Amino acid sequence: METILKKLYSGELDPTKFYEPESAEYWKEDAKVNAILTKWANKLGSDDNLEFFDEMFSIYVEMVGLEREEIFQYGFNLAVKLMSEAYSAKLSGEMYPHQRN
């Protein structure tokens, strides 16, 4: 069995690439966006306009990926800080020295 660290290193464990939202609400909103994009593409009409739209949308998708990567890093760092804080926390007797058992 491979370790999580090895999977992270090899790229097998990349939440930004392999995760798919499970929320029904997400998929409802996704369907709405796709319907709007289809309407927009149909209104653009010409191949030049469609290429322009496709280029813009590709850039936007790349931006979303970069944003998700940064959010993942922030969340991971926050979790590590939380674990560090929890690990270094004093026992209840040490936290409240004025209380006597």
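This is a predicted model: local features need pLDDT of at least 70, side-chain atom pairs count only at pLDDT 80 or more; totals for chains, interfaces and linings use all residues.
Residues are numbered from 1 along each chain as its sequence is written, and side-chain values use heavy atoms, with hydrogens and water left out.

**Fold**
- The protein chain has five helices and zero strands (DSSP runs: H or I of at least four residues for helices, E of at least two for strands).
- From the N terminus on, that reads α-α-α-α-α.

**Surface**
- The protein chain exposes about 9,800 Å², with 60% of it supplied by carbon and sulfur atoms (Shrake-Rupley method, 1.4 Å probe).
- Leucine 5 sits in helix α1 (residues 4-10), and counts as exposed because its relative accessibility is 66%.

**Largest pocket**
- About 570 Å³ of space lies in the largest pocket (an open set of points on a 1 Å grid where a 1.4 Å probe fits, with protein on both sides within 12 Å along at least five of seven lines; lining residues have an atom within 4 Å of a point).
- Its lining has 20 residues, and Tyr26, Val61, Val64, Gly65 and Arg68 lie nearest the centre.
- α2 (15-18), α3 (24-44) and α4 (47-88) each supply at least two lining residues, and α4 gives the most, with ten.

Conventions: Grid points are joined across faces, edges and corners, and a volume is the space filled by probe spheres set on the points. Buried means under 20% relative accessible area, exposed over 50%, partly exposed in between (1.4 Å probe, protein chains only).
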